[in-house]
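Please consult the sequence and the structure shown below while reading.

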Amino acid sequence: MSGTPHVIRGSVSLPEAELMWRFSRSSGPGGQHVNTSDSQVELRFDLAKTQALPEVWKERALERLAGRLVGGVVTVRSSEHRSQWRNRETALVRMASLLAEATAPPPRPRRATKIPRGINERRLRQKKQRAQTKRGRDGRDWS
C-alpha cells in the first residue's frame, strides 16, 4: 500500500501480513459513484495471536483494550474519505495510534511533596487578612 511500515513505537511496527482488511460501501459524500464503490474500510488486527509486539506490551494492550476486543481482535473503521486508498491510510494511522496508546507504559506514581512552612504561614496570614477585610464590610454601624 504506502510502502512504509506504520510504526507503533520505537522499532515496533504493524506487520502487513497480520492486518486483515474488509471493504464495504460507505454512506456519506460521493454522489452516484458511492453506490458502486467499496470505499469504507475495516481494519482488523489479531492482538491475542500477534508475534509483532513484545509480550509485556501485548498483555498491557489486551488489558487496556478489553472493552474493544472481539475474540482478541481489535477493529478500526474509516469511511470519512471518498477514496478507499485514503480510508486505508486513515485506518492504518488510527490502528497504529490506538496500539501505541494501549502499549504505553503506565505513568510514574506521583510523589507527594512537603509544602515549605513559610509558604503555608504566608497563605494563612493572607487568609486572615482577607477575613478581616470582609468582616469590616458588615455594615452594622452604617445608619
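A residue counts as buried under 20% relative accessible area, as exposed over 50%, and as partly exposed in between, with a 1.4 Å probe and protein chains only. By that scale Thr75 is partly exposed, because its relative accessible area is 26%. The model is predicted: local features need pLDDT of at least 70, side-chain atom pairs count only at pLDDT 80 or more, and totals for chains, interfaces and linings use all residues. Residues are numbered from 1 along each chain as its sequence is written, and side-chain values use heavy atoms, with hydrogens and water left out.

**Overall architecture**

The protein contains three helices and five strands; helices (H or I, at least four residues) and strands (E, at least two) are DSSP runs numbered from the N terminus. Their order from the N terminus is β-β-β-β-α-β-α-α. Of the 143 residues, 30% are buried. A contact requires heavy atoms within 4.5 Å. Among contacts with a separation of 6 or more, 65% join residues 24 or more positions apart.

Thr75 belongs to strand β5 (residues 73–78). Leaving aside residues up to four places away in sequence, Thr75 touches Glu42, Leu43, Arg44 and Arg68. Glu16 is found in the loop between β2 (12–13) and β3 (19–24). For Thr75 and Trp21, 54 residues apart along the chain, the C-alpha separation is 9.8 Å.

| Residue | Relative accessible area | Class |
|---|---|---|
| Glu16 | 46% | partly exposed |
| Trp21 | 22% | partly exposed |
| Phe23 | 30% | partly exposed |
| Thr75 | 26% | partly exposed |

**The aromatic pair**

How many aromatic pairs does a search of the whole structure find? The search finds one, where rings of Phe, Tyr and Trp (its six-membered ring) pair if their centres lie within 6.5 Å, and planes under 30 degrees apart count as stacked, over 60 as edge-to-face and the rest as tilted. The pair consists of Trp21 and Phe23 and is stacked, with 6.4 Å from centre to centre and 5 degrees between the planes. Arg88 places its charged end over the ring of Trp21, 4.5 Å from the ring centre; this assignment requires NZ of Lys or CZ of Arg within 6 Å of the ring centre and within 35 degrees of the ring normal.

**Helix packing**

The axes of helix α1 (residues 55–64) and helix α2 (residues 84–103) come within 8 Å and cross at roughly 100 degrees. Helix α1 is therefore roughly perpendicular to α2, a class that covers 65 to 115 degrees. Trp57, Arg60, Ala61 and Arg64 of α1 make the contact with Glu101, Ala102 and Thr103 of α2.

Note on methods:
Axes fitted to C-alpha atoms, helices over the stretch in contact; angles between N-to-C directions. Parallel < 35°, antiparallel > 145°, perpendicular 65-115°, else oblique.
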